[in-house]
Amino acid sequence: MSALEVENLSVELGGRLVLTGVNLSVDKGELVGLVGPNGAGKTTLLRTLMGLLRPRDGRVLVGDQPVRPGRAELGYVPQRHEFAWDFPISVENVVMTGRTGKLGLVRRPGVADWEAVAEALDLVRMTDLRTRPVGQLSGGQRQRVLVARALALRPPVLLLDEPFTGLDMPTQELLSELFLSLAREARAVLMTTHDLPGAFYTCDRLALLNRRVVAVGAPDQLRDEQIWMDTFGIHEHSPLLKILKAT
Ligand SMILES: Nc1ncnc2c1ncn2[C@@H]1O[C@H](COP(=O)(O)OP(=O)(O)OP(=O)(O)O)[C@@H](O)[C@H]1O
């Protein structure tokens with residue numbers, strides 16, 4: 001049994017079929033990269049996995065159970081621009097919403113909650129900035145807050161939407177090493193990214209999406225240039241193909 005199982009999923013948005021017949025599984029222990037051109041349906045897939053969108057057909061199983069919105073087993077890191085950064089709230093209180101919000105409880109956080117928040121902040125190296133209002137953070141620091149928020153409930157499945165966009169190299173490295181080590185601690189991690197060389201280098205498997213799953217496999221099994229040319233609409237002399245070959 002996979003930690004996350006997507007079966008024959010189709011999703012319609014605004015009367016258009018955005019995803020069709022998507023099958024994908026992510027096992028405990030692996031980091032899977034979801035790649036594809038703009039508009040391929042990557043974010044739509046993650047939002048459907050979270051139970052935020054209702055599929056037209058097919059189903060999503062998390063640990064053998066159908067997905068429901070707000071399931072504690074799923075940690076979600078949305079794209080940075082989707083979060084209301086102007087809200088006057090500190091770093092540690094945003095991370096705490098990853099616990100209290102998910103549990104749907106109106107209650108004062110307890111010792112175990114603060115311990116989990118401290119652990120999550122430590123994992124993303126944000127302990128020193130824990131009392132800082134989130135509106136005062138840089139893009140890379142904001143990204144780390146969103147990751148910590150998703151980790152606060154220690155979910156077995158982690159979904160990440162373009163976590164590397166706009167990050168400098170050290171922050172990218174910090175996060176990609178963190179995602180890999182979280183996967184190795186028996187979590188299932190699915191991450192969308194436009195950093196194809198990075199995905200080739202870091203991910204255990206890649207799923208190439210373009211409304212449907214075009215190809216899926218270990219990076220070494222996806223060296224067929226034609227797949228990339230067809231899916232991204234690039235030509236045979238594209239620098240991207242050279243980079244992928246060299247990775
Ligand atoms: N609310 C919506 N109503 C109608 N169509 C939508 C809606 N949201 C997204 N779409 C369409 O669904 C398709 C998939 O969008 P999605 O954001 O999932 O793609 P993506 O692969 O994440 O793209 P990108 O790499 O640009 O972030 C696009 O054609 C988009 O225009």
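Visitor: Before we start, what should I know about the numbering and the model?
Guide: Residues are numbered from 1 along each chain as its sequence is written. The model is predicted, and local features need pLDDT of at least 70, side-chain atom pairs count only at pLDDT 80 or more, while totals for chains, interfaces and linings use all residues.

Visitor: How is the protein chain divided?
Guide: There is domain 1 (1-73 + 156-247) and there is domain 2 (82-154), with bounds that come from an automatic or database domain assignment. Their C-alpha centres lie 25 Å apart.

Visitor: And how many residues of each domain are in contact?
Guide: Eleven residues of domain 1 are in contact with twelve of domain 2, where contact requires C-beta atoms, placed from the backbone, to lie within 7 Å. On the domain 1 side, helix α5 (residues 169-184) provides the largest share, four residues; helices here are DSSP runs of H or I with at least four residues, strands are runs of E with at least two, and both are numbered from the N terminus.

Visitor: Which strands does β3 join?
Guide: Strand β3 runs parallel to β8 (residues 188-192), joined by four bridges, and four bridges also join β3 in parallel to β9 (residues 205-209). L31 stands opposite V189 in β8, whereas G33 has L206 in β9 as its bridge partner.

Visitor: Why is β3 largely enclosed?
Guide: Strand β3 (residues 31-35) is largely enclosed by the rest of the structure because five of its five residues are buried; a residue is buried if 20 or more other C-beta atoms lie within 10 Å of its own, exposed if 12 or fewer, and partly exposed in between, with C-beta atoms placed from the backbone. L31, G33 and V35 are buried on one side, and V32 and L34 on the other.

Terms used:
Two residues are in contact if their C-beta atoms, placed from the backbone, lie within 7 Å. Two strands pair if DSSP finds at least two bridges between them.
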